[in-house]
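Please read it alongside the sequence and the model.

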Amino acid sequence: MTQFHHEHRFTMITEPTDPFVLARELLEQRQTTEPTDATAMTLATADASGRPSARMVLLKGIDDRGFVFFTNYESRKSMDLAANPFAALCIHWAKAAEQIRVEGRIERVSDAESDAYFETRGRGSQIGAWASRQSAPLPSREALLDRVREIERRFEGRPVPRPEFWGGYRVVPERVEFWYGQENRLHDRVVYVRHGDGWRVERLYP
Ligand SMILES: Cc1cc2nc3c(=O)[nH]c(=O)nc-3n(C[C@H](O)[C@H](O)[C@H](O)COP(=O)(O)O)c2cc1C
């Protein structure tokens with residue numbers, strides 16, 4: 001059943017001054033209350049001609065600059081981002097009836113940051129990252145499994161290094177919207193828009 005947790009926000013005089021603080025706080029709560037993976041989010045990109053495409057990725061961090069996910073730097077999404085370095089994210093927490101929308105410029109995270117995250121992945125996922133030419137045509141399932149076996153042999157008995165073609169992106173937002181479901185579709189929408197060095201906070205009609 002949908003739960004409306006955020007009645008109190010109507011009466012709050014001030015929201016947190018920073019959308020990252022609020023997003024981290026909500027994510028932490030939702031990781032314990034949502035029955036499904038609370039870090040799953042939609043990533044929308046557009047190609048050079050402006051045509052959009054969207055897919056799910058996992059949110060791996062919210063720092064004071066933006067929202068981080070990891071992927072293959074030669075994938076379709078990465079080709080889009082090379083041609084058009086803007087992206088949108090959409091997170092939906094169904095049980096809590098909440099949505100976060102993030103829009104902004106994209107940048108690659110540092111090699112050190114990608115290395116650090118890659119090291120935390122299971123060996124199978126590390127090998128999978130090497131094996132997948134993400135978004136390229138795959139002639140057969142067997143071809144993929146052959147590559148996995150070949151890569152297992154290549155790194156046998158030693159740690160799997162991060163492939164150069166795999167790493168993180170950070171969406172550095174211009175705009176972050178928090179949507180809280182409310183009775184009778186009178187939802188609460190709180191938007192942070194970048195304003196100089198800080199943020200302007202406003203509400204929108206639902
Ligand atoms: C719940 C979920 C989480 C996913 N997380 C990631 C992810 O973190 N990184 C990634 O590259 N692909 C992830 N995928 C796969 C992507 O949705 C997509 O198939 C893949 O990245 C290729 O997209 P592209 O061809 O548009 O580049 C995930 C899929 C699902 C359903």
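Helices (H or I, at least four residues) and strands (E, at least two) are DSSP runs, numbered from the N terminus. The model is a predicted one, in which local features need pLDDT of at least 70 and side-chain atom pairs count only at pLDDT 80 or more, while totals for chains, interfaces and linings use all residues. Residues are numbered from 1 along each chain as its sequence is written.

- A residue is called buried if 20 or more other C-beta atoms lie within 10 Å of its own, exposed if 12 or fewer do, and partly exposed in between, with C-beta atoms placed from the backbone.
- Strand β1 (residues 40-46) runs antiparallel to β5 and is joined to it by four bridges, and Thr42 has Cys90 in β5 as its bridge partner; two strands are said to pair if DSSP finds at least two bridges between them.
- Strand β6 (residues 98-108) pairs with β5 in the antiparallel sense over eight bridges, and Phe86 has Arg105 in β6 as its bridge partner.
- Four residues lie between the strands in the hairpin of β5 and β6, where Ala97 takes a positive phi near 55°.

**Strand β7 and its partners**

- Strand β7 (166-180) is mostly covered, since eleven of its 15 residues are buried.
- Eleven bridges join β7 to β6, the two running antiparallel, and Ile106 stands opposite Val171 in β7.
- With β4, β7 pairs in the antiparallel sense over six bridges, and Thr71 has Gly167 in β7 as its bridge partner.
- Six bridges also join β7 to β8, again antiparallel, and Tyr180 has Asp188 in β8 as its bridge partner.

**The shell around the ligand**

- Of the 15 residues around the ligand, Arg55, Thr71, Ser75, Arg76 and Ser135 come nearest, where a residue counts as near if its C-beta atom, placed from the backbone, lies within 6 Å of the molecule.
- The elements that give two or more residues to this shell are β2 (52-58), β4 (67-72) and α2 (76-83), and β2 provides the largest share, five residues.
- The shell divides into six nonpolar, six polar and three charged residues, with Ala, Val, Leu, Ile, Met, Phe, Trp, Tyr, Cys and Pro counted as nonpolar, Asp, Glu, Lys and Arg as charged, and the others, Gly among them, as polar.

**Helices α4 and α5**

- Ile127, Trp130 and Ala131 in α4 meet Leu144, Arg147, Val148, Ile151 and Glu152 in α5, a contact meaning that C-beta atoms, placed from the backbone, lie within 7 Å.
- By class, this contact of α4 with α5 has six nonpolar, no polar and two charged residues.

- Ser135, in the loop between α4 and α5, has a positive phi of about 80° although it is not a glycine, and Ser135 counts as partly exposed because it has 15 C-beta neighbours inside 10 Å.
- Arg185, in the loop between β7 and β8 (188-195), likewise has a positive phi, near 60°, in a residue other than glycine, and Arg185 is exposed, with 7 other C-beta atoms within 10 Å.

Conventions. Two residues are in contact if their C-beta atoms, placed from the backbone, lie within 7 Å.
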